[in-house]
Amino acid sequence: MSYFRKVVGLATAVCMAVGVMSTAVYAQKKGSIVSFNGPAGEAYIGRFIKGIKGTAELKGFDIKVYENQFNQAEQDQQVQQVLAAGVLPDVFIWWPSDATAGLGSLRALHKTGVPVLKINQLPNEADKKYIFGYAGPDDRLRARNAGYMMREAAAAKKAAGGTSFNVIALSYPHSYGGYGLSINAFKDAIAGSDLKIIGDVDEGFGQANGYKGAAKLIASVKDQGIDFVYGMDDAILTGGIKALEEAGYKMGTDVIAVGTVCNGDKQLIEEGKQFGTTLQSPLHEGQLAIKLVEEYLETGKLANYINFTPNPSVTKETIETTALKGYDGKLYGISELCSGAW
Amino acid sequence: MNTDIAVGQTAPNTPGWLARLVDRYSWLVVILVALFLVTFFYGMVTAPNFLTLFNFKTIIRDAALVGIMAVGLTFVTLSGNFFLLSMKETAALAIIAFATAMSQGYGFELAFLFTMAVAVIAGGLQGILIGLGGNPIVVTLGAAGLFFGVASWWSDNLVVSFRRPHGAEWLGSGSFLGLPNITVAFIIIAVVAELVLRYTNFGRQVYLIGANRAAGKATGHENFSMAIKTCIIASACSAFVAIAFSAQVSSAHVNYFSSSFGSSGDMTILVIATVMVAGNSIMGGFGSSLRSSLGAVFISTVDNMMVLHGFNSGPRVLAVGLMIVFSIIVFALVRRGSRVQE
């Protein structure tokens, strides 16, 4: 036998051995999952990915994550690539960049016969027939809790002799799906109280936009008096609080701030500059997704079609004691559950 | 023939100011600018609370971060090296460097120096590649990915926070004579940059190489060293913005300068837009850092005015886009007119 034949034979044997071993390892897995979601570079999604990967490993699933840069076209392309590869997983996890524009890709995933779990954005009439369930936050509950917290703060202010209850809202872009759900739920929660929204600005996501938007809104409504500020999430609110402080307001005294999502700055709550927030844990969201995948694969259905992550209120008094049990059985404190500077 | 004209007497053939403007810039330019000015002043006068000292400070403060980056980028553009498409990513790398150093307890001074060193390396690397003949767009696109990747990996995509008091509050939240220190820094940087460009040998070399690279080479001024120097200046300005912002919010994340949904759009694009709106020549050799500073204030003014008129983010993004297109048309027409006259 020539040297060349020996080498080829040896290489073939090694490849076959590796193949058999990999198949054996793969066979030990409970199943495989492919997740389509946003980029890990975004703080919230970064923690979500940690949640799904960690829990998938713990539960014995094989998982592949495809990240897009908040770009539906990119996500559509990733879907086509996965389908073209021909190796289908047992479950798809679908977090669309844009639920409406991404409907075609969701339909394509559904056509493969592989069950699809939708994440983070509530199902709508168009897409609910293509998914077997939903796991994620409840924008309305989160905003409603923020409204109730603000009512509580307003009642305390009134009891102390306060007479002005003007609210400014630092919002998501109005074109973003979560905006309508959040602002309506917040308005419902404060309805009937003394609180009155006098301004709403939608500069964008994040601290920098929160600061810029708030600075402009303050200039616009300063004359009417600003007493409360609602941040549609804590990152936006953190920037807003800085703008209010620069404008001469004393946070916690002149202006009471309430946020949501728990993606801002813990120290602001500890210092009393932010009255409170409502927890929305990306880690929990990721874990919940894997729990539902496991439930579906074992029983062929979900006990509940819609599955929200819990949104408890967090204030200065409860900040150190707030904890949630993860779907991996561990108890997580606030620093692990939140996604901002915590 | 006696052509003397008595003092105070208008010569019968001397064109009026309007005719002189038309003669110099063409009817089209004059009508376009007049239409714009009428719209601008109408918006300004009718915007509630626009003409107040508080709002004026808001506008300048809003312009500061983008303005500082635009001043830095102007050096690159004037030297004929187009743009750095890595401004945002340089800031992302710098903010992670600063916050990491601060969170490790190194103090403001050391963290500042460390961050600036990172920025100098980042700018220098790009400058070397551009100076060696690399296409600035390709080089800086690649650098953008590299810097963002390093920053994401370094921070593990998490928010890096440091607790107050941390010694950097004076830059992030302090004020001088009623102006936020970031605004004061913007004014100082803009003035120093303009003086450097106008009155130093380095400044004159920037214009010379930008206007005519061959002439610059013939007089011993190579683009190689110029590209390195201007890229370092731009990177240092990005890093300064990152430090100031991190000092304000006591934290950092790689996406603080990404604004996928924000009304400001992407930070790099906004900085480039600022340089363009100001009428700096994209080919180099014409423009000034003062123009870029005013461009930042101008964009901030229009945005502010629209917020006060109650416009949400969509129309405001549209307005910035229209301003860029408008300024490109007007400045192109003006330059074409100048060449025809020559």
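The model is predicted.

**View 1. Chain A as a whole.**
Eleven helices and 14 strands make up the secondary structure of chain A. Along the principal axes, its C-alpha atoms fill a box of roughly 95 × 40 × 40 Å. Chain A has 342 residues, and 51% of them are buried. Among contacts in chain A with a separation of 6 or more, 74% join residues 24 or more positions apart.

**View 2. The largest nonpolar core.**
This core holds 188 residues. The members that touch the most other members are A:Ile93, B:Ile68, B:Ala94, B:Ile95 and B:Phe98. Helix 11 of chain B (residues 223-249) gives the largest share, 18 residues. In chain A, domain 1 (3-137 + 281-311) and domain 2 (139-278) both contribute residues, so the core lies between them.

**View 3. Surroundings of A:Ile93.**
Neighbours within four places in sequence are left aside here. The contacts of A:Ile93 are then A:Ile33, A:Ser35, A:Phe36, A:Ile52, A:Leu117, A:Ile119 and A:Ala289.

**View 4. Helix 4 against helix 11 in chain B.**
The axes of helix 4 (residues 87-103) and helix 11 of chain B come within 8 Å. They cross at roughly 50°. Angles of 65 to 115 degrees count as roughly perpendicular and those under 35 degrees as roughly parallel, so helix 4 and helix 11 of chain B are oblique to each other. Their crossing is right-handed. Helix 4 of chain B makes the contact through B:Met87, B:Thr90, B:Ala91, B:Ala94, B:Ile95, B:Phe98 and B:Ala99. From helix 11 of chain B come B:Ala234, B:Ser235, B:Ser238, B:Ala239, B:Val241, B:Ala242, B:Ile243, B:Phe245 and B:Ser246.

**View 5. Where chain A meets chain B.**
The contact draws 36 residues from chain A and 37 residues from chain B. On the chain B side, helix 3 (53-78), helix 11, helix 13 (289-308) and helix 14 (313-341) each supply at least two residues. Helix 3 of chain B gives the largest share of that side, five residues.

**View 6. A:Lys291 in helix 10.**
A:Lys291 sits in helix 10 of chain A (residues 282-299). A residue counts as buried at 20 or more other C-beta atoms within 10 Å, and as exposed at 12 or fewer. A:Lys291 has 17, so it is partly exposed. A:Ala214 is 77 residues away along the chain, and 40 Å separates the C-alpha atoms of A:Ala214 and A:Lys291.

Technical notes
Residues are numbered from 1 along each chain as its sequence is written. Chains are lettered from A and ligands numbered from 1 in the order in which they are written. This is a predicted model: local features need pLDDT of at least 70, side-chain atom pairs count only at pLDDT 80 or more; totals for chains, interfaces and linings use all residues. A nonpolar core is a set of buried Ala, Val, Leu, Ile, Met, Phe, Trp, Tyr and Cys residues joined through C-beta atoms within 7 Å. Helices (H or I, at least four residues) and strands (E, at least two) are DSSP runs, numbered from the N terminus. Domain bounds come from an automatic or database domain assignment. Two residues are in contact if their C-beta atoms, placed from the backbone, lie within 7 Å. Axes are lines fitted to C-alpha atoms, for helices over the stretch in contact, and angles run from 0 to 180 degrees between N-to-C directions. Angles under 35 degrees count as roughly parallel, over 145 as roughly antiparallel, 65 to 115 as roughly perpendicular and the rest as oblique. A crossing is left-handed if the near helix is turned anticlockwise from the far one by less than a right angle, and right-handed if clockwise.
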